[in-house]
Amino acid sequence: MSFELPKLSYAYDALEPHIDARTMEIHHSKHHNGYTSKLNAAVEGTAHEGKSIEDILSNLDMDDKAVRNNGGGFYNHRLFWEVMSPNGGGNPSGALADAINASFGSFEAFKDEFATAAKTQFGSGWAWLCVHAGGKLTVCGTPNQDNSLMPGVGCGGTPILGLDVWEHAYYLNYQNRRPDYVEAFFNVINWDAVADKFEAGK
Ligand code: MN3
């Protein structure tokens, strides 16, 4: 059973004006599709074949560049699509909001820390909110397609919110203005999806 490009639960233009349709189309149908097919080629005939992507990344040989880059790319983008929604934005509620307040002091403090991680990640990479056993939350940035499921990467824990800061994620609409893209992302965050990942990962 090979990995398949996940379908989006919304149209390519559904996140406008925050993320434009052309960027979404290229990002999903070209970039994510490319990571998916290259991941399938990289795991075929290896011990990784048939394993879940979480299992593969958690037990990764970091020198295995094909699985590291394409497995990370497959997992990271799947999460990215899931944590956005045309009905997103606002603030989290319930147990997730409590955990954010307990870990960062306030939602605004979390937002500042996450936005700083996204804005200051040098070159291509991601900003993450991760949950640890017991429910503690941390923020970190990672380069390229790395994520904290991989051994020794980032802040550890399980990613529950991720922001792609590769230029392909924003350049058509925002050019070099990454901070504007980061700010706009908060208008499309699907906090219900993040809360589900928090419950599953804590
Ligand atoms: Mn990307």
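Is Cys155 buried, partly exposed or exposed? Cys155 is partly exposed, its relative accessible area being 22%; buried means under 20% relative accessible area, exposed over 50%, and partly exposed in between (1.4 Å probe, protein chains only). The model is predicted, so local features need pLDDT of at least 70 and side-chain atom pairs count only at pLDDT 80 or more, while totals for chains, interfaces and linings use all residues. Residues are numbered from 1 along each chain as its sequence is written, and side-chain values use heavy atoms, with hydrogens and water left out.

Cys155 is bonded to Cys140 in a disulfide, with an S to S distance of 2.4 Å; a disulfide is a pair of cysteine sulfur atoms within 2.5 Å. The link between Cys140 and Cys155 is left-handed, with -55° about the S-S bond. The pair connects distant parts of the chain, 15 residues apart: Cys140 belongs to strand β2 (residues 137–143), and Cys155 to the loop between β2 and β3 (158–164). Helices (H or I, at least four residues) and strands (E, at least two) are DSSP runs, numbered from the N terminus. Cys140 counts as buried because its relative accessibility is 10%. Cys130 takes part in no disulfide, and the nearest cysteine sulfur, that of Cys155, is 3.7 Å away. Cys130 is buried, at 0% relative accessible area. Over the whole structure, the search finds one disulfide.

With a relative accessible area of 10%, Arg178 is buried. Leaving aside residues up to four places away in sequence, Arg178 touches Ala118, Lys119, Gln121, Gly123, Val165 and Tyr170, where contact means heavy atoms within 4.5 Å. Between Arg178 and Glu167 there are 11 residues of sequence separation and 8.2 Å in space, C-alpha to C-alpha.

Helix α1 (residues 21–43) and helix α3 (residues 65–82) have axes that come within 8 Å and cross at roughly 140°. Axes are lines fitted to C-alpha atoms, for helices over the stretch in contact, and angles run from 0 to 180 degrees between N-to-C directions. α1 and α3 are therefore oblique to each other, since angles under 35 degrees count as roughly parallel, over 145 as roughly antiparallel, 65 to 115 as roughly perpendicular and the rest as oblique. Residues making the contact include Met24, His28 and Leu39 of α1 and Asn70, Phe74 and Trp81 of α3.
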